[in-house]
Amino acid sequence: NPERKIGHAVLIGSRHGGTGKSLLLNTMAIIMNRTNVNTINVRDLHNSKQDWLIDKTMVIVEEVKDLNLSDMNNLKTLITEPTIMADKKFGTYQQEINHANFIFTSNFERSLYIPDSANARRYFVVFSELQPKHPCYYESLTTWLEHNDGYGIVLGHMLERDLSHFNAMEPPPETAAKTRLMGNSKTDFE
């Protein structure tokens, strides 16, 4: 359902770098057509120009760590609202349709600041404890994707999934990773 804006963002985390998060998201970006996807970093979220958001279906924010309350408040609108006020480079500040669905990646359990359930309802959090596989595994997987119609096979698998009950505004599943992240978001005093 690429035409539907989802009411929450996804955080894909892992304790160790090199587990394949970027490979997974790059595969999704290629399947969705790279022009519909943008990959940014946290610094771009603070940029006064939002060219990275306009006309995008998916925005990947890589290497998120220690976002603060102000950052999280700014993200609320970007994640949930169907329109936003955006300032284009060499353009005007105007209302734009917001198609973007957000996926964050991190190697840190203290990445997003979600101290309570009111903020947590906007996030689906998954976190892996797995060690990275040998580099040959990722090389082999990349070769399969690029030279053995791997992207087409993955797309075919995704298109065969039954999404007839998909509800873009349904709250995300609760996970142990989200509970830990909420605990890590509390101050030392709390």
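User: How much space lies in the largest cavity?
Analyst: About 40 Å³. A cavity here is a set of points on a 1 Å grid over the protein atoms alone, where a 1.4 Å probe fits but cannot get out. The volume is the space filled by probe spheres set on the points, with grid points joined across faces, edges and corners.

User: What kind of model is this?
Analyst: It is a predicted model, in which local features need pLDDT of at least 70, side-chain atom pairs count only at pLDDT 80 or more, and totals for chains, interfaces and linings use all residues. Residues are numbered from 1 along each chain as its sequence is written, and side-chain values use heavy atoms, with hydrogens and water left out.

User: OK, how many cavities of 30 Å³ or more does the structure hold?
Analyst: The structure holds 1 of that size.

User: And which residues line the largest cavity?
Analyst: Its lining is made of L11, F108, E109, S111, V125, F127, A177 and L181, where a lining residue has an atom within 4 Å of a point. β7 and α7 each supply at least two of the lining residues. These labels are DSSP runs numbered from the N terminus: helices are H or I with at least four residues, strands are E with at least two.

User: How does that lining split by class?
Analyst: The largest cavity is lined by 6 nonpolar, 1 polar and 1 charged residues. Ala, Val, Leu, Ile, Met, Phe, Trp, Tyr, Cys and Pro count as nonpolar, Asp, Glu, Lys and Arg as charged, and the others, Gly among them, as polar.

User: Which element gives the most?
Analyst: α1 does, with 7 residues in the lining of the largest pocket. By class, that lining has 32 nonpolar, 13 polar and 5 charged residues.

User: What about the second largest pocket, what is its volume?
Analyst: The second largest pocket has about 280 Å³. It is lined by 14 residues, and L45, Q50, N74, L75 and L78 are the closest to its centre. The largest share, 6 residues, comes from α3. Both α3 (69-80) and β4 (83-87) supply at least two.

User: Next, the sheet. In what order do the 5 strands stand?
Analyst: The order of this open sheet is β2-β3-β6-β1-β7, with parallel pairing (two strands pair if DSSP finds at least two bridges between them). β2 (37-41) and β7 are at the edges, each with a single partner strand, so one side of each has no neighbour in the sheet.

User: How many bridges join β2 and β3?
Analyst: β2 pairs with β3 (residues 58-62) over 5 bridges, in the parallel sense. In this pairing, I40 stands opposite V61 of β3.

User: And β4, parallel or antiparallel to β5?
Analyst: Antiparallel: 5 bridges join β4 to β5 (residues 93-97). A86 stands opposite Q94 in β5.

User: What sits between those strands in the hairpin?
Analyst: The hairpin of β4 and β5 has 5 residues between the strands, and F90 takes a positive phi near 60°.

Key
1 Å grid on protein atoms, 1.4 Å probe; cavity = no way out; pocket = protein on both sides within 12 Å on 5 of 7 lines; lining within 4 Å.
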